[in-house]
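Please look over the sequence and the structure below. Then read the short report that follows.

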Number of protein chains: 2
Amino acid sequence: MENTQIFKGNIVFTKTPQKFSFYENGYIIVENSKVKAMTSSLPEAYKSLPIKDYGDKLIIPGFVDLHLHAPQFANLGLGLDKELIPWLEGYTFPEEAKFKDAEYASKIYKRLVKELWKQGTTRSVIFSSIHKETTQLLFDLLIQSGLGAYVGKVNMDRNSPQYLIEEKDQSIKDTIEIIEKYLNTSDLVKPIITPRFVPSCTSELMRELGNLAKKYDLPVQSHLSENTAEIEWIKALHPECTTSNSNLSSGIMPVRRFLSEGIPVGLGSDISAGHKLSIPSVMNITVQMSKMKWLDSNKALAPLSTSEVFYLGTKGGGEFFGNVGSFEEGYDFDALIIDDNNLGDIDISLEDRIQRYIYIGDDRNIIDRYIKGNLIAEPLF
Amino acid sequence: MENTQIFKGNIVFTKTPQKFSFYENGYIIVENSKVKAMTSSLPEAYKSLPIKDYGDKLIIPGFVDLHLHAPQFANLGLGLDKELIPWLEGYTFPEEAKFKDAEYASKIYKRLVKELWKQGTTRSVIFSSIHKETTQLLFDLLIQSGLGAYVGKVNMDRNSPQYLIEEKDQSIKDTIEIIEKYLNTSDLVKPIITPRFVPSCTSELMRELGNLAKKYDLPVQSHLSENTAEIEWIKALHPECTTSNSNLSSGIMPVRRFLSEGIPVGLGSDISAGHKLSIPSVMNITVQMSKMKWLDSNKALAPLSTSEVFYLGTKGGGEFFGNVGSFEEGYDFDALIIDDNNLGDIDISLEDRIQRYIYIGDDRNIIDRYIKGNLIAEPLF
């Protein structure tokens, strides 16, 4: 019982997208940073241990952000009157170029990591920029914070502004250096292979990155068919490509279809194309867009429910990290403690309370954050 | 110069939807609670007067909410997996029935008025419930707060749950009593005629309410063609009605078309069908929905720009109150002071700063609120 922790409160999570699981005034028993059991009353064997009692507060899994661009953090809320390509050229690429500078990167990455902490995003999958040194800085800040992440140095060797194009061999060399430095440094912050998207990577670069992914057994992240103009561009660059992805070009992803087909799906803030780092905000807009898709599909694709988007933003995305995003046995104890007293009467069902928090709560409602059983304090930098 | 006030800061507003007007480090001269002039440097005649200097902060018009249901405030964030009719029957009507009780109404209405203050909504157009006494309570709380509003006692005499149906003559009698009590009590809080919507009002009730509107020269608010099921219902109730409104049933209002045709448009939070009281949040979702409409219309209806939604949420809605929502000469000085230092670098253009505030700011950024030249303190109740 040495590495045992016990938490008490109103426990809410999703084993499946279809419905919430609730333990009202329940206990979570955590052993060696993983959930061992959840119970309504505490077994005799545990009664002598201290209990962290959160009273009437909610205990929910930490939020998982599957897609965000760290060097775009300073652009949050800017340039949103543009479409993808003009936005990349007018706002995003010039901002990313600044991450050659360690001092600037340090300022922005510290703010980003603090904000991830604040918003309860316990795990994230991150694009940095092409720059080796400042990507390492981001690794170091995340490790220091205690948050979990995959971080990918971006690779791009064509069709980008001159100041952001890499020479292929150097790109691979820098990528290897980062991988070897961080592959086994932290069990929470890991490298990921990150070709930006097809138009900005030559086939040779893609092939060599594929080899690195195999050699080091690393995951890969990229962008795919984001809007119609990009899809047309890729068809021109690669007439040999399939065109099936153009089905995704209507503006709203058919999440319902993916869920029905058993395709793993999670949520991403996609800052700074997305303007909120908060995963509950992403859950809201996901439901709203699914309602538009429902109308647009002549009511063929049903809107997502609150439990479905909650699942996507916790266990759905968490799958990318292993047993993360739920409170089932063997899952990492990543949790947020939610005080929703300021949101109205708390003498309502837990289902209503969690929905209300998702829709109208904000970072002020998160009073504690745990990752792998550790209480994570606000980053001091 | 007796009733003259001078404010200094970075002034941002919209005379027209097409573009923002900016006065960097400018002065607003207010006389008798109305904007007299805006200048880049202060005329000699005013130099001896005290200046309220807000430094690098933004000074913007107060937000205007053209549609909200006060007795639904406690339901914010609840029941949003439902469509309109089940949502009305399962959540909204039962909650509204509670406003027969003065104690409950007092608790919720105090929270609502405080929240309007917090969110910078300086003017709003409000549905209360059918209940005369608690509607008067809402009038009194608003008058006490210093916020501006139209408040309408709801009228409904058919097709509603038994506990919310009025008898027509009593409905009219109660409405008259409220009108006569509040018609000239406050220059900021006024009555408005409020038949809930066609299905819940008999033709006789509608006719008599129309007569009251004429007699007392009052505006009227209601609901129109909110979704396809409701439109079908109204066709069945009133086969004599026109069907042109069914064009609006696609789920997203074609705001672009209304703007092009010169139809006055403003924004409303529509709580609790809308889940955020914050008008900047409504601006965000309005832009996002207009982008979906753009795709859905084969790019015929251009997305709304940031200045366009800002206009809708200030001057567009403000027109309903007279000269409200802008800083042009003769406009009431309704203003918010925005401290956006926590949102990132403020050494960027005012256009970028206002857009960033709308997208990623929240109530914490509003440090002062003025209505008709008066600084409005947080309600003490």
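## A serine and its contacts

Leaving aside neighbours within four places in sequence, A:S305 is in contact with A:P17, A:V287 and B:D81 (contact means heavy atoms within 4.5 Å). A:S305 is found in the loop between α8 (279–296) and α9 of chain A. Helices (H or I, at least four residues) and strands (E, at least two) are DSSP runs, numbered from the N terminus. The side chain of A:S305 also makes a polar contact of 3.3 Å with the side chain of A:S307. A polar contact is a pair of N or O atoms within 3.5 Å; within protein, one must be able to donate a hydrogen and the other to accept it, and residues adjacent in sequence count only if both atoms are side-chain atoms.

## How to read the model

This is a predicted model: local features need pLDDT of at least 70, side-chain atom pairs count only at pLDDT 80 or more, and totals for chains, interfaces and linings use all residues. Residues are numbered from 1 along each chain as its sequence is written, chains are lettered from A and ligands numbered from 1 in the order in which they are written, and side-chain values use heavy atoms, with hydrogens and water left out.

## Helices under cover

Helix α9 of chain A covers residues 306–318. Its 13 residues should span 18 Å at 1.5 Å a residue, and its end C-alpha atoms are 17 Å apart, which agrees. The expected span is 1.5 Å times one less than the number of residues. α9(A) has a kink of about 45°, centred on A:L312. The bend at a residue is the angle between axes fitted to the seven residues ending there and the seven starting there.

In α9(A), 13 of the 13 residues are buried, so the helix is largely enclosed by the rest of the structure. Buried means under 20% relative accessible area, exposed over 50%, and partly exposed in between (1.4 Å probe, protein chains only). Helix α10 (residues 350–360) of chain B is mostly covered too, with 10 of its 11 residues buried. Among them are B:L350, B:R353, B:Y357 and B:I360.

## Salt bridges

How many salt bridges does the structure hold over all chains? The count is 40. A salt bridge is a side-chain nitrogen of Lys or Arg within 4 Å of a carboxyl oxygen of Asp or Glu. One of these pairs is B:D334 and B:R123, at 2.6 Å from N to O. The pair links distant parts of the chain, 211 residues apart. B:D334 sits in the loop between α9 (306–318) and β11 (335–338) of chain B, and B:R123 in strand β6 (residues 121–127) of chain B. B:D334 is buried at 2% relative accessible area. B:R123 is buried at 3%.

B:E208 pairs with B:K168, their closest N and O atoms being 2.9 Å apart. B:E208 lies in helix α5 (residues 203–216) of chain B and B:K168 in helix α4 (residues 168–182) of chain B, so the bridge ties together parts 40 residues apart in sequence. B:E208 is partly exposed at 28%, and B:K168 is partly exposed at 21%. In chain A, A:K47 bridges to A:E44 at 3.7 Å between the closest N and O atoms. A:K47 is exposed at 52%, and A:E44 is exposed at 62%. A network of salt bridges links A:D362, A:D363, A:R364, B:D362, B:D363 and B:R364.

## Cysteines

How many disulfides are there over all chains? The structure holds zero. A disulfide is a pair of cysteine sulfur atoms within 2.5 Å. A:C201 is buried, at 2% relative accessible area. B:C201 is buried, at 2%.

## Backbone details

Most residues other than glycine have a negative phi, and most peptide bonds are trans. A cis peptide bond joins A:I271 and A:S272, with omega about 0°. A:S272 lies in the loop between α7 (255–260) and α8 of chain A. In chain B, B:I271 and B:S272 are joined by a cis peptide bond, also with omega about 0°.

B:N25 has a positive phi, near 45°. B:N25 is found in strand β2 (residues 19–31) of chain B and is partly exposed at 38%. B:D217 has a positive phi near 55°. B:D217 is placed in the loop between α5 and α6 (228–237) of chain B and is exposed at 69%.
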